[in-house]
Amino acid sequence: MSASSKKIFVLDTNVMLHDPQAIFRFQEHDLVIPIVVIEEIDTFKKDQTEIGRNARNVSRNLDALREKGSLSKGIRLDGGGLLTVDIADYPINARFASINKWPADNIILACAKHLLDERRENVVLVSKDTNLRIKADALGIIAEDYNSGRIEIEELYSGTAELYTSEDDFILLYQEGLPVLETERFFPNQCITLIDKANQSHTALGCFNASDQRIHPLRFRDASPWGVRPKNREQQFALELLLDNSIRVVTLLGRAGTGKTLLAIAAGLQQIVDDEKYNKLLVSRPVMPLGNDLGFLPGDVEDKLRPYMQPIYDNLDFIVAANTEMRHRSAMTVTQLEEGGYLSVEPLTYIRGRSIPNQYIIVDEAQNLTPHEVKTILTRAGDGTKIVLTGDPYQIDNPYVDGSTNGLTFLAEHFKGQNLFGNVILTKGERSKLAELASTLL
């Protein structure tokens with residue numbers, strides 16, 4: 001690499017708290033970490049959250065590098081770049097007077113500005129803080145977001161596709177499955193809408209089987225688990241993945257009211273209570289932040305959890321009522337399901353370190369999880385367990401992830417070629433006309 005193309009990257013604290021391996025992502029360039037960043041990371045080390053674990057990993061990584069030499073003088077990285085901890089005490093001069101309310105940010109800006117004044121070019125501040133990037137730009141400093149592992153929502157694998165074909169192919173689909181041409185590339189368990197080229201109102205729904213390279217008709221197109229019937233094509237696809245026992249990981253993405261959680265719970269109850277394919281339905285959602293103390297709400301653990309888990313209980317109550325109406329007899333109540341060992345509603349706080357065999361796990365609001373947290377959840381799955389993650393990547397409460405870096409979209413994109421995985425993005429709201437209008441316009 002020529003000297004002119006080599007850059008100096010100045011890292012903000014939030015970058016390393018987001019990705020503890022960030023210091024190894026700039027191997028061929030020089031990397032500068034202001035000393036105030038180390039001090040800020042130290043304040044997170046005792047936290048029992050994912051952020052705390054990341055902070056401890058950053059400290060361990062830097063300590064391992066320290067054994068190779070002096071961090072203040074620079075440690076040579078494998079790719080040829082130099083990592084340096086900048087210990088200089090930069091004065092906060094008049095240039096930063098208007099932003100003196102945030103001294104840590106000021107020191108990071110001053111460090112980047114000092115390097116820019118020395119180098120005149122190729123100095124880049126990397127931060128996930130939008131406001132810090134704006135302030136850097138105002139000072140003439142190039143600023144970038146940290147994009148490692150970033151999955152743009154608009155380019156996310158949808159899990160569905162359309163195939164224009166002939167009427168003869170429709171017959172073949174239902175007889176033995178429609179073979180896929182080499183020019184038609186689909187992913188395992190991708191849901192396909194076949195459209196007759198001569199009569200486009202003539203359609204059929206199928207799913208691609210990677211083992212025989214054929215599209216087969218949906219196996220569960222007439223299913224209505226616990227009285228819940230699909231109201232549109234995407235919901236039909238979602239039920240196909242949820243009820244297929246060979247698919248062990250399913251992601252359902254969509255706006256509020258598209259039926260993600262409702263379908264997942266209904267399919268889970270069907271396979272546990274009626275079909276007896278799994279031992280228990282475990283439904284969970286992150287209590288923000290993941291792993292944090294539940295606070296000083298009155299009552300026992302169950303009382304503390306109820307406000308966080310109420311959306312899940314709302315769905316359960318609706319499904320139980322629908323099941324009762326469908327069967328014209330009284331079904332088990334939510335309380336009876338819990339007491340009978342069929343159902344457990346828990347926070348993700350308690351999942352670390354567990355091994356969970358032969359259960360149907362639903363993780364709601366998974367867009368608030370980091371990729372590492374999703375990995376932690378998946379690695380808890382024991383033999384025979386199925387995991388369903390639902391969420392809306394446009395509605396994120398976790399300040400350390402966004403629509404392009406959260407664990408839900410990360411999983412959907414990286415698992416798309418696996419035989420045990422399926423994904424559907426639901427777009428049509430079915431909760432009510434008012435809910436759909438509000439979700440679309442507001």
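**Notebook: a first look around the model**

I began with confidence, since this is a predicted model. The chain has an average pLDDT of 86, and 86% of its residues score at least 70.

Helix 7 (residues 233–243) has the highest confidence, at 97, while helix 13 (residues 433–441) has the lowest, at a mean of 68. I also noted residues 289–294, where pLDDT stays under 50. For that stretch the model has 16 contacts beyond four places in sequence. A reminder to myself: where pLDDT is low, the predicted coordinates should not be read in detail.

I found six strands in an open sheet with mixed pairing, in the order 3-4-2-1-5-6. Its edges are strand 3 (75–76) and strand 6 (142–144), each of which pairs on one side only. I followed strand 3 to strand 4 (residues 82–86): the two pair in the antiparallel sense, over two bridges. Here arginine 76 stands opposite leucine 82 of strand 4.

Helix 2 (residues 35–44) lies across strand 1 (8–11), strand 2 (30–34) and strand 4, and runs at about 60° to strand 2.

My last stop was isoleucine 215, in strand 11 (residues 214–217). Is isoleucine 215 buried or exposed? Its relative accessibility is 0%, so isoleucine 215 counts as buried. Beyond its neighbours within four places in sequence, I listed contacts of isoleucine 215 that include Leu163, Leu173, Val180, Phe186, Ile192 and Phe208. I picked out valine 180: it is 35 residues from isoleucine 215 in sequence, yet 7.1 Å away in space, C-alpha to C-alpha.

Definitions and conventions. Residues numbered from 1 in each chain as written. Predicted model: local features only at pLDDT ≥ 70, side-chain atom pairs only at ≥ 80, totals over all residues. Heavy atoms only, no water. pLDDT = per-residue confidence, 0-100. Helix = DSSP H or I, 4+ residues; strand = E, 2+ residues; numbered from the N terminus. Contact = heavy atoms within 4.5 Å. Pairing = 2+ DSSP bridges. Axes fitted to C-alpha atoms, helices over the stretch in contact; angles between N-to-C directions. Buried < 20%, exposed > 50% of the residue type's maximum accessible area, 1.4 Å probe, protein only.
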